[in-house]
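Subject: Structure for you to look at

Hello,

Here is the structure I said I would pass on. Please open it next to this email and follow along.

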Amino acid sequence: MTLSFSTTYPPNMDSKSRQPNHFIAKIWHGLTTLGYSNVTDYLHYKNKALFDRVSGWTLAKPVHAKIHTLREDIQNRWGPNMLIHFVIHNRTAQRFQFAPVTPCTHIQAVRINYTESPFAKPYIEIDGYTYSPRMAEYKPLLEDLSRNDGFDSPEDFLSYFNKDWTGKIIHWTTKKY
């Protein structure tokens with residue numbers, strides 16, 4: 001199935017509004033450094049003209065890896081072993097698949113809940129386990145979750161997910177929370 005990514009942050013992200021998110025580079029960094037793809041694959045996509053314009057990355061340029069994505073899945077369509085087609089500009093004439101087809105390794109249910117949290121930060125529930133901002137595990141989880149989802153900081157992650165949200169973490173690596 002198609003996973004479409006934007007190349008900029010949305011307008012609601014305060015200081016990051018409409019700035020490049022480098023998700024393509026972060027996904028490629030994860031695919032290559034974690035051994036899910038190789039330099040030959042990278043060069044195949046890099047040789048396409050659009051890649052250089054939207055990626056802003058080379059194998060030598062360090063970025064942190066984006067190794068999963070959080071998505072709403074109201075129709076419950078995502079599951080393990082489904083094939084992921086990484087694209088930008090989906091459903092347009094400029095549709096571009098920027099990485100090789102990769103299997104979904106697993107999914108995890110996730111809920112971000114501000115409504116029930118008496119704290120400035122939300123509860124985060126993954127696969128039925130709730131992390132409260134008062135728990136020692138909360139800060140490391142939030143840092144790991146936000147970084148692995150391609151955000152530069154937990155603050156950026158919470159700026160994007162700034163209200164109650166329910167969905168799935170779609171993984172293409174072995175990482176689990």
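Below are some notes on a sheet, a helix and one threonine.

This is a predicted model, in which local features need pLDDT of at least 70 and side-chain atom pairs count only at pLDDT 80 or more, while totals for chains, interfaces and linings use all residues. Residues are numbered from 1 along each chain as its sequence is written, and side-chain values use heavy atoms, with hydrogens and water left out.

The sheet is open and has 5 strands in the order S2-S9-S6-S7-S8, paired antiparallel. Strands (E, at least two residues) and helices (H or I, at least four) are DSSP runs numbered from the N terminus, and two strands pair if DSSP finds at least two bridges between them. S2 (68–71) and S8 (129–131) are the edge strands, each pairing on one side only. S2 is joined to S9 (residues 165–171) by 4 bridges; histidine 68 has histidine 171 in S9 as its bridge partner.

Helix H4 (residues 138–148) packs on this sheet and touches S2, S7 (123–126), S8 and S9. Contact means heavy atoms within 4.5 Å. Among the buried residues of H4 are Tyr138, Leu141 and Leu145, where buried means under 20% relative accessible area with a 1.4 Å probe, protein chains only. Helix H5 (154–160) is one of the elements that cover them.

Threonine 102 lies in strand S5 (residues 102–103). Why does threonine 102 count as buried? Because its relative accessibility is 6%. Its side chain reaches the backbone oxygen of proline 100 at 2.9 Å. Beyond four places in sequence, the contacts of threonine 102 include Leu31, Phe86 and Trp172.

Regards

How values were computed. Axes fitted to C-alpha atoms, helices over the stretch in contact; angles between N-to-C directions. Buried < 20%, exposed > 50% of the residue type's maximum accessible area, 1.4 Å probe, protein only. Polar contact = N/O pair within 3.5 Å; in protein donor to acceptor, adjacent residues only side chain to side chain.
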